[in-house]
Structure formats: structure tokens, C-alpha cells
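Have the viewer open while you read.

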Amino acid sequence: MIQLRNADQSVFLPVSVIVPVRNESRNLPRCLESLRGVGEVYIVDSNSADATTEIARSHGAKVVQFDYVGGWPKKRQWAMDTLPLAYDWILLIDADEALTPELALEIRQAVLNPKIDGYYIALQMFFLGRALSHSGASFYKLSLFRRGKGQFECRLKDQDTSMCDMEVHEHVIVEGATVWLKNPLLHHNAESLSRYIQKHDEYSNWEARVWLRREAGTIELPPALFGNQAQRRRWLRRQFFNIPGSPLLFFLYKYVFCFGVLDSVPGLIYCICQGVQFFHIKAKIHELRAKKN
């Protein structure tokens, strides 16, 4: 059994948790309640205008500010590089996510395995208050890894403040063995459609630039049909980008082929939003090409 750095017998889950936030007063209480008993929680804020920081401090979390001016690293990689983390394992979680008791217990056992350096955790997505069982909404993130063994891929160094100050669809790459945990994180993806649309507008700015440009010196997972889940999803998106009418086809893929129709009205809205975001990316790629010419 490995020895945990700065182990505390009163700590149920000996991990350092990093939660990136901006104006998350609505989601943050649920997230922090689920993290009771973890070793430490860092809230990495982007100058929130609501009660986010007050809520964080009231739950005993440590609050640090991140002022993004463009470029790389972004928020989570900066936190991993900069913060004086006290534990040997890092758990990355968003403010709209929450641990379950079952997942916390599984993580407690997982971090004792000296042969594994990273763990993929599934997301159980809730959209407009409903758990989505279909709609292509189920996926894994490499959210738990040994400190010093994981870093985010850098798909684009030339970024600006219109592209969101946090890693969007960059994935963590771990040096060492990785496996999958059984229990999911609860992911409350959209309780406010206005906030959801605002965030995904920023995401599409970034993604349009990524798909249009390839930079020397960047590190990223290559799209691959027979790779891991992130690589397969990336490969699928690349294929859709080359097809005329792909936003509509992407909606139909989500709603029909992935059985989004079985997720009722929230599933329909989710699949439409996915198709619209795909359209925004393609339109912004066209805009960027027009500016270059």
C-alpha cells in the first residue's frame, strides 16, 4: 500500500479537488456538499459577479482568482501547475457536477492502488432536470489522476479571451496506467438555457479556431475510430465537418441513431442544441476563412 502525502486520519477522501468557476452560485452549493470529507478543495474563480466566492468560503474551500489574458495554459492546467496541492491525487470536477457516496467510496479505494496513475469517470448527465439516458450524452472523463502524472493536451496556443478561460474539449493525458471507475459523477448540464447557450457560444469560438488551424508544438489526442472514447468522438466530429448539411445530420445522429427521442422533451432540446452548436462552429470557420482572404 502506498503512503499518502500529508495523510489525515479525519479525511475520508485524500485527494486535492480543483473546481473551476465563474458565476456558479446556483450550482456550487450542490457540488461542495458532495465534497464534504475530501482532503482539500480549491475554487479557481474568474472574478465572479455573484455570490460564488462567499459560498465557496462558507463551505471551507480555498478560493484563488485566475485572470485570463489569452494563450496557454488555461484555468485548470494553471491550477495544477501553480497551486500548492497537499495530496498525491488530483480530482477535477466542475461546479455543475457532484460526487455520489458510491463514487466517493470507490475513489477512496482506487487511490490506494500503486499500479494505476489515472481513472476515467463517467458522467450521468441531467439536462433541464431530467437524466439523459440516450442522446449520445454519456461519456467518460479522465478526472482523477496522480499529481505530476497528468496534464491537459494543448490543442491551440494562440487563444484569446473570447474562447473561454477554461479548457473546453481538451483532455487530460496521463503518463502511466489508466482504468475506468464504475460509478458516475452527476452532471447537471443545463438548469438555465441562457447560461448553457452563453457558454457554448464561447466554446464554438475556440473549436472553430482549433479545427481551422494546426500549430507546431501543440500536444493533442489524434482523432481515431479505434482509439479511446475521446478519440472516437473527435474522429466522428471531423467526419461530420466534411459533410454538407452536417448540423442537421448531427442532430439526427443524436436524436434518432442515439435514441434521443427516448429522453422526452429535454432530449429533443439537448439534441437540437447540439446541432445548433455544430452549425455555429461551421459558420465561424467560414468567418475565419473569409477574414484570412
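## A buried glutamine

Contact here means heavy atoms within 4.5 Å. Keep in mind that this is a predicted model. With that in hand, take Gln277, which sits in helix α8, residues 264-292. Leaving out residues up to four places away in sequence, Gln277 touches His200, Tyr203 and Glu207. Is Gln277 buried or exposed? Its relative accessibility is 8%, and since buried means under 20%, Gln277 counts as buried.

## The nonpolar cores

The largest nonpolar core has 44 residues. Which of them touch the most other members? Those are Val15, Val19, Leu35, Ile43, Leu99, Ile107 and Leu144.

Not counting residues up to four places away in sequence, Ile43 touches Val19, Val21, Leu28, Leu32, Ala56, Ala61, Lys62, Val63 and Val64. Another core, of 18 residues, lies apart from the largest one; Ile18, Tyr120, Leu142 and Phe145 are among its members.

## A greasy spot outside

On the surface, Ile243, Leu248, Leu249, Leu252 and Val256 form a nonpolar patch. Together they have about 400 Å² of accessible area. One of them, Leu252, belongs to helix α7, residues 246-257. Leu252 is partly exposed, at 36% relative accessible area.

Time for the torsions. Most residues other than glycine have a negative phi, and most peptide bonds are trans. A few spots here go the other way.

The peptide bond from Trp72 to Pro73 is cis, with omega near 10°. Pro73 is in the loop between β3 (62-65) and α3 (75-82).

Asn23 isn't a glycine, yet has a positive phi of about 55°. You'll find Asn23 in the loop between β1 (13-21) and α1 (28-34), where Asn23 is partly exposed with a relative accessible area of 34%. Ser264 also has a positive phi, near 60°, and its place is in helix α8. At 37% relative accessible area, Ser264 is partly exposed.

Methods
Residues numbered from 1 in each chain as written. Predicted model: local features only at pLDDT ≥ 70, side-chain atom pairs only at ≥ 80, totals over all residues. Heavy atoms only, no water. Core = buried A, V, L, I, M, F, W, Y, C linked by side-chain atoms within 4.5 Å. Buried < 20%, exposed > 50% of the residue type's maximum accessible area, 1.4 Å probe, protein only. Patch = residues over 30% accessible without salt bridge, like charges linked within 9 Å, V, L, I, M, F, W, Y side chains within 5 Å. Areas by Shrake-Rupley, 256 points an atom, 1.4 Å probe, with all protein chains shown as cover. Salt bridge = Lys/Arg side-chain N within 4 Å of Asp/Glu carboxyl O. Helix = DSSP H or I, 4+ residues; strand = E, 2+ residues; numbered from the N terminus.
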